[in-house]
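Please find below a colleague's note on the structure shown here. The points may be read in order, with the sequence and the model at hand.

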Amino acid sequence: MSVAALSTLSTSGTPADGLWQQRAAAIDWQRTTEALHQQGNAVLPQLLDATECAVLTRLYGHAPEGTFRSRVVMQRHGFGQGEYRYFSYPLPDRVAGLREALYPHLAPIANQWNAAMGIDVRYPAQHADFIARCHAAGQVRPTPLLLQYGPGDYNCLHQDLYGEHVFPLQVAILLSEPGRDFSGGEFVLTEQRPRMQSRAEVVPLSRGDAVVFAVHHRPVQGTRGPYRVQMRHGVSRLRSGQRHTLGISFHDAE
């Protein structure tokens, strides 16, 4: 596929206005909310179809100039092995549409979590209002990104904080097919409870599936009320092939 064709697909070749909102509204948010409260993550099956995954994957190496603002080689920074590229503003339509459509469904959960943890911050109903808050504080760089892994690559456990204003949930969408495009490379979460050993969880994903998960911490109900647990995420070592992921954080970076 030519670069010109990719440029068209990355902008106008997306669902019509409002369709991302319709797709987000069709998610079983009751099940999703229950899973997030219970385990700090929830899978959204087949959020993107195979064509959408392929278009986003091709952007990594063939995007028009200006699509990305930076490229990070993980090994240079001790983050693991592999690389990722942060999108520039304006975001591709698919990425912007997903970010804006998912946020209103996640904001009530984020507000419930902060209330349970005794955190005063509350999040507005619309993403544009939250981004305005980030930008007023100097967090103006977009954070959605594409990640690329090859054989032997992995992503160390980490938290995507980026600045003072942090939305406590984020989304990762697997763009490659496990068992066909790659092997290994599982999405991993760890949870550190006070005075307890860390708990690890592997989240199985198929191509097009999204996982919503805690960025930093989440509340867990204890015998004396809710308490705060620290969350980290990463990707295990890729054994073969190539793996691509779209990551969506809802806050911007300093």
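The numbered points that follow treat the sheet, the helices, the strand pairings and the salt bridges in turn.

1. The model is a predicted one, and the remarks below should be read accordingly.

2. The open sheet. Seven strands make up an open sheet, arranged in the order β1-β11-β7-β15-β5-β4-β2, and their pairing is antiparallel. Its edges are β1 (41–44) and β2 (68–73), each of which pairs on one side only. From one strand to the next, the twist averages 20°. Within this sheet, β5 (residues 145–149) and β15 (residues 243–249) are joined by five bridges in the antiparallel sense; glutamine 148 has histidine 244, in β15, as its bridge partner.

3. Helices across the strands. Helix α3 lies across β1, β7 (169–174) and β11 (210–214), and runs at about 150° to β1. Helix α4 lies across β2, β4 (83–87), β5, β7 and β15, and its direction is at about 80° to β5.

4. Contact of α3 with α6. The axes of α3 (residues 29–39) and α6 (residues 93–117) come within 11 Å and cross at roughly 35°; the crossing is right-handed. On the α3 side the contact involves Trp29, Thr33, Leu36 and His37, and these meet Leu102, His105, Leu106, Ile109, Gln112 and Trp113 of α6. By type, the residues of this contact comprise six nonpolar and four polar, with no charged residue.

5. Strand β9 and its neighbours. Five of the six residues of β9 (residues 187–192) are buried, which leaves the strand mostly covered. β9 pairs in the antiparallel sense with β10 (residues 199–203) over five bridges, and threonine 190 has alanine 200 of β10 as its bridge partner. The two strands, β9 and β10, form a hairpin with six residues between them, and arginine 195 in the turn has a positive phi of about 60°.

6. The structure holds nine salt bridges. In one of them, the side chains of glutamate 52 and arginine 23 meet at 2.9 Å, N to O. Glutamate 52 belongs to α4 (residues 50–62) and arginine 23 to α2 (residues 19–25), so the pair ties together parts that are 29 residues apart in sequence. Is glutamate 52 buried or exposed? Its relative accessibility is 5%, and glutamate 52 therefore counts as buried. Arginine 23, with a relative accessible area of 24%, is partly exposed.

7. Arginine 239 and glutamate 186 meet through their side chains at 4.0 Å, N to O. This pair links distant parts of the chain, 53 residues apart: arginine 239 is in β14 (residues 238–241), and glutamate 186 is in the loop between β8 (182–184) and β9. Arginine 239 counts as exposed because its relative accessibility is 52%, the cut-off being over 50%. Glutamate 186 is partly exposed, at 32% relative accessible area.

8. In the salt bridge of arginine 218 with glutamate 191, the closest N and O atoms are 2.7 Å apart. Arginine 218 lies in β12 (residues 217–222) and glutamate 191 in β9, and the pair links parts of the chain 27 residues apart. Both residues, arginine 218 and glutamate 191, are buried. They also belong to a network of salt bridges that links Glu191, Arg199, Glu201 and Arg218.

Notes
Residues numbered from 1 in each chain as written. Predicted model: local features only at pLDDT ≥ 70, side-chain atom pairs only at ≥ 80, totals over all residues. Heavy atoms only, no water. Axes fitted to C-alpha atoms, helices over the stretch in contact; angles between N-to-C directions. Helix = DSSP H or I, 4+ residues; strand = E, 2+ residues; numbered from the N terminus. Left-handed = near helix turned anticlockwise from the far one by under 90°. Contact = heavy atoms within 4.5 Å. Nonpolar A, V, L, I, M, F, W, Y, C, P; charged D, E, K, R; others polar. Buried < 20%, exposed > 50% of the residue type's maximum accessible area, 1.4 Å probe, protein only. Pairing = 2+ DSSP bridges.
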